[in-house]
Amino acid sequence: MQGMGEGDCPFEFNFDAGTFKVGDTVSYRIVGNPMFEDMPFAGELLEVHDNHVVIAGDPNDSAVRYRGTREDRPQVQASEI
């Protein structure tokens, strides 16, 4: 995320799905809608399960949650948005 401050990314991401824990910040992708597929998103993990994660979709609204795949960069289906 260049151009934000000193050129450093303001987020510290966990890209290792094997070590995911609640509170980690992950970079995720939205799939199933061409408008979003090339854009990375950042979110906090609210739940970590064996085969999926739950990501906070809006830091200002705790009711907005997205179910994503459990992989290094989770994928969220556009229908979740």
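The following points comment on the predicted model of a single protein chain.

1. Secondary structure. The protein chain contains 5 strands and 0 helices. Read from the N terminus, the order of its elements is β-β-β-β-β.

2. Overall dimensions. The radius of gyration of the protein chain is 13 Å, which agrees with the value near 12 Å that a compact globule of 81 residues would have.

3. Contacts across the sequence. Of the contacts between residues at least 6 apart in sequence, 33% join residues at least 24 apart.

4. Burial and surface. Of the 81 residues in the protein chain, 26% are buried.

5. Nonpolar core. The largest nonpolar core has 11 residues: Ala17, Phe20, Val26, Tyr28, Ile30, Leu45, Val53, Ile55, Tyr66, Val76 and Ala78. At least two residues of this core come from each of strand S1 (25-31) and strand S3 (52-56). S1 supplies the largest share, 3 residues. In soluble globular proteins, nonpolar side chains tend to be buried together.

6. Surroundings of Ala17. Ala17 belongs to this core. Apart from its neighbours within four places in sequence, Ala17 is in contact with Arg70, Glu71 and Asp72.

7. Charge. The protein chain carries 15 negative and 6 positive side chains. The centres of these two sets are 5 Å apart.

Conventions
Residues are numbered from 1 along each chain as its sequence is written. This is a predicted model: local features need pLDDT of at least 70, side-chain atom pairs count only at pLDDT 80 or more; totals for chains, interfaces and linings use all residues. Side-chain values use heavy atoms; hydrogens and water are left out. Helices (H or I, at least four residues) and strands (E, at least two) are DSSP runs, numbered from the N terminus. The radius of gyration is taken over C-alpha atoms; the globule rule is 2.2 Å times the number of residues to the power 0.38. Buried means under 20% relative accessible area, exposed over 50%, partly exposed in between (1.4 Å probe, protein chains only). Contact means heavy atoms within 4.5 Å. Lys and Arg count as positive and Asp and Glu as negative; His and the chain ends are not counted. The place of a charge is taken as NZ of Lys, CZ of Arg, CG of Asp or CD of Glu. A nonpolar core is a set of buried Ala, Val, Leu, Ile, Met, Phe, Trp, Tyr and Cys residues joined through side-chain atoms within 4.5 Å.
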